[in-house]
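Please consult the sequence and the structure alongside the text.

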Amino acid sequence: MALEFIGLTDQEQEAANKSHSLKNQQSPFTDGVVFNITGFGWRKAVIDGKKSQRNSAVLTTPIGDLFLGAVTKGKCDAEGQIHRPKGTFVDLVLKALQKDADNETILKGIVDAVKDRKIVCSLEEFAKPIKGGGTIPASVLILNLE
């Protein structure tokens, strides 16, 4: 199964070019990274040449796109325990998502609420089960407003 994402603006492409995420194919959102939110957008997966029907919301940052799912969705560890993203920025996003408004209004509200603030990233790491047995390292984000 081939998976890719499409749709970079010039500004996002410039941010991606300046990022250091390609080294070791790691996410730019690692322990100790400090970043700010510069905007929002949408990405669509392309799997085996077919465009997904699902649009994924992203918050744009100078270090790369932060998929909204990475801020809101938990992951299961090898013991069946759910690990959820947390922190003051995560709380702000979850509260914004409870509003009765269209997507643009919600996303713009998140961006406006943190436009002059820095976000400090750390990770909660755990072992995640893999198909066929065994485990691999996994993590969820801890994002706190500075």
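## Helix packing and selected residues

Leu97 lies in helix H3; helices (H or I, at least four residues) and strands (E, at least two) are DSSP runs, numbered from the N terminus. The model is predicted, so local features need pLDDT of at least 70 and side-chain atom pairs count only at pLDDT 80 or more, while totals for chains, interfaces and linings use all residues. Residues are numbered from 1 along each chain as its sequence is written, and side-chain values use heavy atoms, with hydrogens and water left out.

With a relative accessible area of 36%, Leu97 is partly exposed. Here buried means under 20% relative accessible area, exposed means over 50%, and partly exposed is in between (1.4 Å probe, protein chains only). Not counting residues up to four places away in sequence, Leu97 touches Leu68, Thr72 and Ile106; contact means heavy atoms within 4.5 Å.

**The chain as a whole**

The protein chain has four helices and nine strands. Their order from the N terminus is β-α-β-β-β-β-α-β-β-α-α-β-β. Of the 146 residues in the protein chain, 32% are buried. Among contacts between residues at least 6 apart in sequence, 57% join residues at least 24 apart.

**Helices H3 and H4**

Two packed helices are described by the angle between their axes and the distance between the axes. For helix H3 (residues 88–97) and helix H4 (residues 103–113), the angle is about 150° and the axes are 9 Å apart. H3 is therefore roughly antiparallel to H4. Axes are lines fitted to C-alpha atoms, for helices over the stretch in contact, and angles run from 0 to 180 degrees between N-to-C directions. Angles under 35 degrees count as roughly parallel, over 145 as roughly antiparallel, 65 to 115 as roughly perpendicular and the rest as oblique.

On the H3 side, the contact is made by Phe89, Leu92, Val93, Ala96 and Leu97, and on the H4 side by Ile106, Ile110 and Ala113. By class, this contact of H3 with H4 has eight nonpolar, no polar and no charged residues. The nonpolar class is Ala, Val, Leu, Ile, Met, Phe, Trp, Tyr, Cys and Pro; Asp, Glu, Lys and Arg count as charged, and the others, Gly among them, as polar.

The buried residues of H3 are Phe89, Val90, Val93 and Ala96. They cover an arc of only 125° around the axis, so they are on the same side of H3; the arc is that of the directions from the helix axis to the C-beta atoms. Elements packed against them include H2, H4 and strand E8 (119–129).

In H4, the buried residues are Ile106, Leu107, Ile110 and Val111. Their arc around the axis is only 130°, which puts them on the same side of H4. They pack against strand E3 (39–47), strand E4 (50–60), helix H2 (68–72) and H3.

**Two prolines**

Pro85 sits in the loop between strand E7 (82–83) and H3. Its relative accessibility is 9%, so Pro85 counts as buried. Leaving aside neighbours within four places in sequence, the contacts of Pro85 include Ala70, Val71, Val90 and Leu141.

Pro137 is in strand E9 and is exposed, with a relative accessible area of 77%.

| Residue pair | Apart along the chain | C-alpha separation |
|---|---|---|
| Leu97 and Thr72 | 25 residues | 9.7 Å |
| Pro85 and Ala70 | 15 residues | 7.5 Å |
| Pro137 and Ala127 | 10 residues | 4.8 Å |
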